[in-house]
Amino acid sequence: MINDCEKICPVCGYDNLDEGPFTKYGYPTYEICPCCGYEFGYHDESAGLSYANYREKWIASGFHWRDKDEEPNNWDRLMMEKQLSNVKLSKAKSRYVAHFK
């Protein structure tokens, strides 16, 4: 069983992930956040995007929900900023892997 802090997306602060970003053994769950769309184990380890970098891109592109069925009514910047305050509660540590070209 995972606790509530482990169900918080460390990118956007969404607080109801089905699974935490990583298993108790440290393996990525490949959970995709329905809000920002970050996939744990792909965007960090394969695509080389840190939580902060992906967050900046998500906000700059309009902070749209990936899963429109989960999107709250009247989603706006104020709601997004309130949700982002949950990020500090997340226990997930970024596993960002730099990609050199």
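This is a predicted model: local features need pLDDT of at least 70, side-chain atom pairs count only at pLDDT 80 or more; totals for chains, interfaces and linings use all residues.

Reader: Good to know. How many helices and strands does the protein chain have?

Author: The secondary structure comes to 2 helices and 0 strands.

Reader: And how much of the protein chain counts as buried?

Author: Of its 101 residues, 40% count as buried. The chain exposes about 6,500 Å², and carbon and sulfur atoms supply 50% of that. As for contacts between residues at least 6 apart in sequence, 48% join residues at least 24 apart.

Reader: OK, on to the core. Which residues of the largest nonpolar core touch the most other members?

Author: That core has 20 residues, and the ones touching the most other members are Cys9, Cys12, Tyr14, Cys33, Cys35, Cys36 and Trp58. Helix H1, residues 51-60, gives the most to this core, with 3 residues.

Reader: What does Tyr14 touch, leaving out residues up to four places away in sequence?

Author: Tyr14 touches Lys7, Ile8 and Cys9, then Cys33, Pro34 and Cys35, and also Trp65, Glu70 and Gln83. Tyr14 also belongs to an aromatic cluster, together with Trp58, Phe63, Trp65 and Trp75.

Reader: Are Phe40 and Tyr51 buried or exposed?

Author: Phe40 is buried at a relative accessible area of 0%, and Tyr51 is buried as well, at 6%.

Reader: What about Trp58 and Phe63, how are their planes set?

Author: Their planes are at 70 degrees and the ring centres are 6.4 Å apart, so the pair is edge-to-face. Trp58 has 5% relative accessibility and counts as buried; Phe63 is buried too, at 11%.

Reader: Switching to cysteines. How many disulfides does the search find?

Author: The count is 0. For Cys9, the nearest cysteine sulfur is that of Cys36, 3.8 Å away.

Reader: Where do Cys9 and Cys12 sit, buried or exposed?

Author: Cys9 is buried, with a relative accessible area of 0%, and Cys12 is buried, also listed at 0%.

Reader: Last topic, charges. How many salt bridges are there?

Author: The whole structure has 2. Lys68 forms a salt bridge with Glu71, where the closest N and O atoms are 3.4 Å apart. Glu71 is partly exposed, with a relative accessible area of 26%. Arg77 and Glu81 also meet in a salt bridge, at 3.6 Å from N to O.

Reader: How are Arg77 and Glu81 placed in helix H2?

Author: They are 4 residues apart in H2, which covers residues 77-84, so about one helical turn separates them. Arg77 is partly exposed at 42% relative accessible area, and Glu81 counts as partly exposed at 42%.

Reader: Great, thanks!

Methods:
Residues are numbered from 1 along each chain as its sequence is written. Side-chain values use heavy atoms; hydrogens and water are left out. A nonpolar core is a set of buried Ala, Val, Leu, Ile, Met, Phe, Trp, Tyr and Cys residues joined through side-chain atoms within 4.5 Å. Buried means under 20% relative accessible area, exposed over 50%, partly exposed in between (1.4 Å probe, protein chains only). Contact means heavy atoms within 4.5 Å. Rings of Phe, Tyr and Trp (its six-membered ring) pair if their centres lie within 6.5 Å; planes under 30 degrees apart count as stacked, over 60 as edge-to-face and the rest as tilted. Accessible areas come from the Shrake-Rupley method with a 1.4 Å probe; for residues, only the protein chains shown count as cover. A disulfide is a pair of cysteine sulfur atoms within 2.5 Å. A salt bridge is a side-chain nitrogen of Lys or Arg within 4 Å of a carboxyl oxygen of Asp or Glu.
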